Amino acid sequence: MEKLDQFHIHEALHTANLAREFVEYNLRCHTVYDSEKYHDFNDAIDNAIKHLFNAYQIIGSIELGDEN
């Protein structure tokens, strides 16, 4: 297995942020979400954003050396 270095950690941080932004700005701002008609869809989008934010926080802690 390849050794992980700071580049890999930072790359994961950046990618988690990009994924969260993509979901937020392309699906949460979509007319289907805005219609408030499809609660299951809206809940899934909100959960995806929450989980991607959590992933971002976790990898950020690793980058800062708070976790191993």
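I take a residue as buried when its relative accessible area is under 20% and as exposed when that value is over 50%. The model I am reading is a predicted one.

**Entry 1. Helix α1**

I looked up which residues of α1 are buried, and I found Ile-9, Leu-13, Ala-16, Arg-20, Val-23 and Glu-24. An α-helix has 3.6 residues a turn, so residues three or four places apart point the same way. I then asked what the buried residues of α1 pack against. The partner is α3, which runs over 39–64.

I also checked the span of α1. The helix has 23 residues, and its first and last C-alpha atoms are 32 Å apart, close to the 33 Å expected at 1.5 Å a residue. At the N-terminal end of α1 I noted a cap by Asp-5. A side-chain oxygen of Asp-5 lies 3.0 Å from the backbone nitrogen of Phe-7.

**Entry 2. α1 against α3**

I looked up the packing geometry of the pair. The axes of α1 and α3 are 9 Å apart, and the angle between the helices is about 160°. α1 therefore counts as roughly antiparallel to α3, because the cut-off for that class is over 145 degrees. The crossing of α1 past α3 is left-handed.

**Entry 3. Arg-20**

Arg-20 sits in helix α1. I count Arg-20 as buried because its relative accessible area is 16%. I looked for polar partners of its side chain and noted two entries. The side chain of Asn-17 makes a polar contact with that of Arg-20 at 3.3 Å. The side chain of Glu-24 is joined to that of Arg-20 by a polar contact of 2.6 Å. With neighbours within four places in sequence set aside, I found Arg-20 in contact with Ile-49, Leu-52 and Phe-53.

**Entry 4. Glu-24**

**Entry 5. Glu-2**

Last, I looked up Glu-2, which lies in the segment before α1 (6–28). I count Glu-2 as exposed because its relative accessibility is 57%. I also looked up the separation of Glu-2 from Ser-61. The two are 59 residues apart in sequence, and their C-alpha atoms are 21 Å apart in space.

Conventions: Residues are numbered from 1 along each chain as its sequence is written. This is a predicted model: local features need pLDDT of at least 70, side-chain atom pairs count only at pLDDT 80 or more; totals for chains, interfaces and linings use all residues. Side-chain values use heavy atoms; hydrogens and water are left out. Helices (H or I, at least four residues) and strands (E, at least two) are DSSP runs, numbered from the N terminus. Buried means under 20% relative accessible area, exposed over 50%, partly exposed in between (1.4 Å probe, protein chains only). A polar contact is a pair of N or O atoms within 3.5 Å; within protein, one must be able to donate a hydrogen and the other to accept it, and residues adjacent in sequence count only if both atoms are side-chain atoms. Contact means heavy atoms within 4.5 Å. The expected span of a helix is 1.5 Å times one less than its number of residues. Axes are lines fitted to C-alpha atoms, for helices over the stretch in contact, and angles run from 0 to 180 degrees between N-to-C directions. Angles under 35 degrees count as roughly parallel, over 145 as roughly antiparallel, 65 to 115 as roughly perpendicular and the rest as oblique. A crossing is left-handed if the near helix is turned anticlockwise from the far one by less than a right angle, and right-handed if clockwise.
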